[in-house]
Amino acid sequence: MSRRSLTKNPQRIVLIKSHSAGVGDILRSSAAWAALHRRWPAAELHLLFLTRWPGYPSESLIQSHYLLRSAHFLPLIEGRFAGMRGVGPKGWSTLLPPLRRLGREIQPDLIVDHEAHGIETSIAARVLRAQTPGAVTVGLAQVPGRGCLYDLAGPSLRRYAQARGLPDPMDYTERDFAALTALGIERNGQQITLEVGEDGLAWQAAHPRQPGEWRIVLNIGCGTPDALPKRPDLDLLVEALQPEALGHPFSLWLTGAANEFEINEDFLHRYRQRYSAPVPLHNLAGAGSLDLLAGVLADADLCVSSDSGPYHMAVALGVPTIALFRWANPAHYHQAPHVQILVDPASTDLRVALHTLLPTTE
């Protein structure tokens, strides 16, 4: 294809993702959205997510994100063809019509493929490009020859990390900026970001804070079978949240998906057995939408969470956050002043972090 150049400020930008439909995985891209908005404040941002998990709960939250004009989740139908697993002719026959329709409707000036691996997003970028005269595509030169599929190409993830002295593997949030370097856009410390929507604001109005009381959110999380080993130890949590040790009135709000209701109840049973202090306790697992959860998190003085969706949401909302990991996983860390990462901590380590991030008392 003949290469095109970006000769003017784009008005409509399509951002292509496909890696994972988890809340945190998509929300991490919001740092790149914020950087693009800072560079071109008048441009519309449209997310195109090619998903192997249609109907995932994250879709509604991302579709209402304040930095996006629209978000579209198109299913990838995988199967086996020519002895290999992937998106074959049947999958593409389903995917191409809505792709072409979106290209005609949005008419993007700029198409950014953030994915480093696979051919599906590269093809999607080419299809969108064909619908819009003058549209420019940006991707990653992850392997030799891949950069030729785009008008502009950023470096491979490894080269990007090496040039900036970043660890390998690097923070997942950083990955979206590898493609943006082709546009001269750097991260410059930009954090992920989120705002509370209607459901969350309604929840806050219905649950006013008690004067002089800390509101602590605890997300034990990790309710899917493959994530169970990531759950923090319940007895460690009970010990660290000792009312007398915190020395200030607080309420405890347990969040999670519907399938995490029982583990929350297990914690609450242990907590009530251990302490007689009148701490208000609430189990909100499965209580509503992810936007409602955003309202709960945004109203908290502190969030304590495992490595799961609410952790990333709390960070994006700017809530002081303690992230609990059972083992080191640097790619999942957020480096921000309001975040503390604890790896396999003792209860005393967690208690010190609580006192560090909770509001000071006179």
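User: Which residues does T173 touch, not counting residues up to four places away in sequence?

Analyst: T173 touches R28, A31, R187, I192 and H334, where contact means heavy atoms within 4.5 Å. Keep in mind that this is a predicted model, with local features needing pLDDT of at least 70, side-chain atom pairs counting only at pLDDT 80 or more, and totals for chains, interfaces and linings using all residues. Residues are numbered from 1 along each chain as its sequence is written, and side-chain values use heavy atoms, leaving out hydrogens and water.

User: Why is T173 called buried?

Analyst: Buried means under 20% relative accessible area, exposed is over 50%, and partly exposed is in between, with a 1.4 Å probe and protein chains only. T173 has a relative accessible area of 1%, so T173 is buried. T173 lies in helix α7, residues 172-180; helices (H or I, at least four residues) and strands (E, at least two) are DSSP runs, numbered from the N terminus.

User: What makes F49 and F73 an aromatic pair, and why is it called tilted?

Analyst: Rings of Phe, Tyr and Trp (its six-membered ring) pair if their centres lie within 6.5 Å; planes under 30 degrees apart count as stacked, over 60 as edge-to-face and the rest as tilted. F49 and F73 are 5.6 Å apart centre to centre, with 35 degrees between the planes, and that makes a tilted pair. F49 lies in strand β2 and F73 in strand β3, so the pair ties together parts that are 24 residues apart in sequence. F49 is buried at 2% relative accessible area, and F73 counts as buried at 13%.

User: How do you know that β2 and β3 pair?

Analyst: Two strands pair if DSSP finds at least two bridges between them. Strand β2 (residues 44-51) and β3 have six bridges, in the parallel sense, so they qualify. For instance, the bridge partner of L50 is L74 in β3.
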